[in-house]
Structure formats: C-alpha cells, structure tokens
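My notes follow the structure.

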Amino acid sequence: MKTSVKRGAQSALNLLVLASFFYLLFHPSLVSESVTRSIYLCVRVIVPSLFIFMVLSRLIIAMPFTDAFFGRLGRYGIEAMVLTLGLLCGFPVGAKCAVFLYESGAVSKKRAEFISAFTNGASASFLIGYVGGALYSDVAVGVRLFLFQIVAALTTAVILRVLFMKKEDFAFAPIPEQEKTGGFPEAVMDSTFTMISVCALIITFSLLGELFLSVIKANQISSVLIKGFFEFSSGIASAAAVGAEPAFIMICLFVGFSGLCVIMQVVTAMRGKLSAKMYLAGRLINTAIFGMLSLLFGIA
C-alpha cells in the first residue's frame with residue numbers, strides 16, 4: 001500500500017512537471033518577466049546582503065578566540081555563537097555553520113540538527129535595510145522585525161530543546177586545528193557555490209509562484225500570500241502594495257516561515273549530512289510565534 005501511494009505521488013509529480021514545461025513553453029513572457037525580476041532581486045538585494053557575510057561567518061567560526069569567547073557562555077555557548085551569526089548574516093548561514101561543526105567533530109549530528117532548526121533567519125541588513133528602509137521608508141519597522149526574529153528564534157530553541165533534546169546531547173569538543181586551516185580562499189569558494197545555489201532557487205521558486213498564479217483566480221491578498229509561500233522575498237516586495245498593517249502581518253508570516261525557496265536552500269546547505277525534520281518543525285513553530293508577535297505588536 002505504501003509503495004503504491006509513493007508511486008502514485010511520483011506519477012502525479014511527473015505529470016505536473018510535464019504540464020508546467022509545456023505551459024511555460026507556450027507562455028515565454030511569463031518566464032522572461034519572472035526570471036528578469038528574480039535576477040534583479042538577487043543582484044540588487046540578495047547577493048549584497050548575504051555573500052560576504054557567508055564568507056566571514058565561515059572564517060569567524062573557525063577562529064581560536066571564538067571557542068574561548070562562546071565557551072564562557074556555558075552549555076549553550078555554541079548555539080549562541082551560531083544564532084548570532086545567523087541573525088546577522090541570514091540563511092543559510094546557520095545550516096552551513098551546523099554542518100561545519102558536525103563534520104569537524106565539534107558537535108553530534110543531533111545537536112547540529114537542533115542548531116540548524118532555529119538559527120536560519122533573514123539577515124539584519126535585509127530586515128532593517130531592505131524591508132524597513134526601502135519598502136517602508138522607516139528603519140524602525142525593520143528593527144521591530146529583527147527583534148521579533150530574535151524572540152521567535154529563542155522561543156523556538158526552547159520549545160525544540162524540551163521536545164527533542166537531552167542534557168547529554170550538549171557535549172562540546174573544540175574544533176580540531178586541522179579543520180581551521182582552510183582559510184580565506186576555501187571560504188570564498190564554498191560561499192560562492194552556495195550563493196549560486198541560493199540565487200538559482202530564488203529564480204526557480206519565484207517562477208513557480210508566478211506559474212501558479214497564472215492558472216488560478218486570485219485576489220491581491222491571495223496573490224501576495226502565494227508569492228510569499230513560494231519565495232519569501234518576492235512576497236515581501238509584493239506585500240508593500242496592500243496597506244501598511246496587513247502588509248506587516250503578512251511580512252511577519254513570510255519571515256517566520258521563510259518560504260519554500262529558503263527551506264530548500266537550507267536543506268541544500270545540509271547536503272544530506274543532517275536530517276531536516278527538526279528544522280521543518282522549527283519553521284512551523286517560528287511562523288506561529290511571528291504571527292502572534294505581529295498581532296500583538298503591529299506597526300500601528
């Protein structure tokens with residue numbers, strides 16, 4: 001029974017892919033317009049707000065003083081380190097740091113999955129500079145979103161800690177010296193490949209969102225929600241046109257969930273080394289917390 005369901009689902013997916021291919025083949029303007037907008041978004045917003053921070057985070061996490069500084073924070077020092085980098089640099093930095101720590105032997109697989117589950121959020125520069133400054137012309141809105149993200153990440157971490165983790169899961173071993181010798185060139189190359197994957201996924205999922213909207217009837221609010229579900233930055237950009245208060249609530253939900261595109265980015269960053277189950281549970285919890293915060297502390 002389980003095998004037949006799996007085969008049926010695969011067949012349905014294959015038919016959907018074929019239908020999408022031929023639909024887009026006869027609607028080339030949909031492809032060109034969506035891809036052009038996505039490339040512009042990547043060049044104008046995503047790459048400047050993410051790439052250099054991915055490089056620097058890889059270097060920072062391997063620095064000798066990092067172990068010493070965050071080690072003083074006790075049992076959860078390493079979580080504090082990766083969360084700080086994730087909040088400042090944005091996704092998928094948290095997942096990449098978790099994979100690096102797991103592969104270096106500093107943390108167990110389960111702990112790396114726990115770290116990945118709450119450290120992948122939008123960067124401070126994206127929330128404060130782009131959402132607050134560019135979309136709302138009010139940096140205070142971006143700062144509020146960033147504070148929401150801190151609260152949501154910490155609350156998600158506590159809930160996941162209670163649900164999934166035990167005290168003995170938090171043993172820490174310093175990163176071996178041989179793992180710290182990769183240096184700047186390796187950090188740049190690794191971040192470059194990740195950045196290419198991120199941009200490719202943004203382009204793909206933005207197009208999927210536009211494809212979905214082109215075959216259904218949707219009002220303005222529904223269109224924004226669908227775009228944000230597929231690719232959160234496109235949804236955020238579209239939300240600015242629906243009014244300040246509803247836009248803020250939707251943006252909070254988009255940032256909390258992060259969209260299918262970002263979820264795929266994080267899963268890709270895990271590179272098959274870590275399970276995504278705890279991360280997906282964390283996304284749902286994070287979205288719920290963001291939604292409550294937006295209702296309690298909106299922009300009005």
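I worked from a predicted model, in which local features need pLDDT of at least 70, side-chain atom pairs count only at pLDDT 80 or more, and totals for chains, interfaces and linings use all residues. Residues are numbered from 1 along each chain as its sequence is written, and side-chain values use heavy atoms, with hydrogens and water left out.

**Helices α8 and α12.** I looked up the packing of α8 (residues 139-164) on α12 (residues 244-257) and found an angle of about 40°, with the axes 11 Å apart. Contact (heavy atoms within 4.5 Å) is made by Val141, Arg144, Leu145, Phe148 and Gln149 of α8 and by Phe248, Ile251, Cys252 and Val255 of α12. I noted 7 nonpolar, 1 polar and 1 charged among these contact residues.

**Helix α5.** Residues 93-104 form this helix of 12 residues, which reaches 16 Å from first C-alpha to last, close to the 16 Å expected at 1.5 Å a residue. I found 10 of the 12 residues buried, so α5 is largely enclosed by the rest of the structure; buried means under 20% relative accessible area with a 1.4 Å probe, protein chains only. Among them are Lys96, Phe100 and Ser104. Just after α5, glycine 105 has a positive phi of about 90°.

**Helix α6.** The buried residues include Arg111, Glu113 and Phe118. I recorded that their cover includes α4 (77-89), α5, α8, α13 (259-270) and α14 (277-296).

Technical notes: Axes fitted to C-alpha atoms, helices over the stretch in contact; angles between N-to-C directions. Helix = DSSP H or I, 4+ residues; strand = E, 2+ residues; numbered from the N terminus. Nonpolar A, V, L, I, M, F, W, Y, C, P; charged D, E, K, R; others polar. Expected span 1.5 Å × (residues − 1). Buried < 20%, exposed > 50% of the residue type's maximum accessible area, 1.4 Å probe, protein only.
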